[in-house]
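Work through the following exercises with the sequence and the structure in view. Try each task before reading its solution.

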Amino acid sequence: MTDKTMTADEVVGRLRSGMTLGIGGWGSRRKPMALVRALLRSEISDLTVVSYGGPDVGLLAAAGRIRKLVAAFTTLDSIALEPNFRAARERGDFAMTELDEAMFMWGLHAAANRLPFLPVRAGLGSDVMRVNPELRTVTSPYEDGETFVAVPALRMDAAFVHLNRADRLGNGRYLGPDPYFDDLFCEAADTAYISCEEIVDGFGSDIAPQSLLVGRHSVTGVVEAPNGAHFTSCAPDYTRDEPFQKLYATTPWPEFAERFLSGKSEDDYQQAVRTWHEEQQ
C-alpha cells in the first residue's frame, strides 16, 4: 500500500503544457477548484479540457490556458451561461467539441473501458452531427441493422476531481446527492488526482459501499483541500457561495484575478475570499 498524499502544487508539477485534462464535477457543483487555482499559478497552457463545464472552464478560458474544449455545457447553474467561457468562445480563443450530455458520458465510458468508441442513439437527427462533422456513425452487425453514433473515447492524460473524503491510498467517498461521473473521469485518464475536504485514516465496514466512488487503483495522488471546491458547492459540507459567484460573474477578469488569484497559495485565495465577505457585512 502506498501513501499517495500530495500538495496541489506537486500535482500541477506533474503536468505539462499541451496535455488533455479532465475536470470532474458538474457545472458549479463539486468542482476541484483548488487544483484549478494551482494550475493557474503555473505556466501550463495549450490544454485540451474535458469537462461538464463550470467555473473551472471559465477561469482557464479567461486566463488563456485552453487550446480546445470538449464539453456538454459550461454553466454556473444559478447563472445559466458561464460568462468568461462565453466571452472567450465569442472571441474564438479556442476550438470546441460540443457533445450532448449522454454522448459525453459514453465517451467517458469508452475511455474508461479502453475502447475506441461506443455506439449510442443520442445525437442522431440533431445539430450535434452538423457542428461536429468529425463524428461518424456505425451500423449494427446484427439483424436489426440499426445506425448509431460512434462516440469517440474521451481519453485524458490527467484528471482532477473533488470529493468529500479520501484516504491516503486514493480511495474517495462522496457524501452528496450525485457522483457527477467523477469515477469515470479517474478511470478514463492516465493519471488522476483527488482533492478532498478531509483525508481520513480509512473507511470501515460501517461505510455504505456505494458512497465509495473512486478506487485507489485509478488514483495517482490525493490532496487535502478544505473548502477546495469553493465557490462551487460540495454538499453536504457546504453550499455554493452565491454572493461570491455573482461577484465572479460580474467583475472584469483582470480585476477579479488581481484580487483573488494573484497570491502564491490556496491559503492566499481563501483569505482574500474571507476578507471580501467581511467587507460585505
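This is a predicted model: local features need pLDDT of at least 70, side-chain atom pairs count only at pLDDT 80 or more; totals for chains, interfaces and linings use all residues.

**Exercise 1.** Determine how helix 3 is oriented relative to helix 4, and which residues form their contact.

Solution. 
1. Helix 3 covers residues 55-62 and helix 4 covers residues 83-91; their axes come within 7 Å and cross at roughly 45°.
2. The crossing in which helix 3 passes helix 4 is left-handed.
3. On the helix 3 side the contact uses V57, G58, A61 and A62, and on the helix 4 side N84, F85 and A88.
4. Sorted by type, the residues of this contact are five nonpolar, two polar and no charged.

**Exercise 2.** Find which residues of helix 8 are buried and what covers them.

Solution. 
1. Helix 8 spans residues 242-250, and its buried residues are F244, Q245, L247 and Y248.
2. These residues lie on the same side of helix 8, because they cover an arc of only 155° around the axis.
3. On the face turned away from that buried side, helix 8 carries the exposed residues K246 and T250.
4. The cover over the buried residues of helix 8 includes helix 3, helix 4, helix 9 (253-260) and helix 10 (266-279).

**Exercise 3.** Describe the packing of helix 8 against helix 10.

Solution. 
1. The two axes come within 11 Å and cross at roughly 100°.
2. Angles of 65 to 115 degrees count as roughly perpendicular, so helix 8 is roughly perpendicular to helix 10.
3. P243, F244 and L247 of helix 8 are in contact with Y269, V273, W276 and H277 of helix 10.
4. The contact is made up of six nonpolar residues, one polar and no charged.

**Exercise 4.** Locate the cis peptide bonds that join H230 to F231 and A235 to P236.

Solution. 
1. From H230 to F231 the peptide bond is cis, with omega near 15°.
2. F231 sits in the loop between strand 12 (221-224) and helix 8.
3. Between A235 and P236 the bond is also cis, with omega about 0°.
4. P236 belongs to the loop between strand 12 and helix 8.

Key. Residues are numbered from 1 along each chain as its sequence is written. Side-chain values use heavy atoms; hydrogens and water are left out. Axes are lines fitted to C-alpha atoms, for helices over the stretch in contact, and angles run from 0 to 180 degrees between N-to-C directions. Helices (H or I, at least four residues) and strands (E, at least two) are DSSP runs, numbered from the N terminus. A crossing is left-handed if the near helix is turned anticlockwise from the far one by less than a right angle, and right-handed if clockwise. Contact means heavy atoms within 4.5 Å. Ala, Val, Leu, Ile, Met, Phe, Trp, Tyr, Cys and Pro count as nonpolar, Asp, Glu, Lys and Arg as charged, and the others, Gly among them, as polar. Buried means under 20% relative accessible area, exposed over 50%, partly exposed in between (1.4 Å probe, protein chains only). The arc is that of the directions from the helix axis to the C-beta atoms. Angles under 35 degrees count as roughly parallel, over 145 as roughly antiparallel, 65 to 115 as roughly perpendicular and the rest as oblique.
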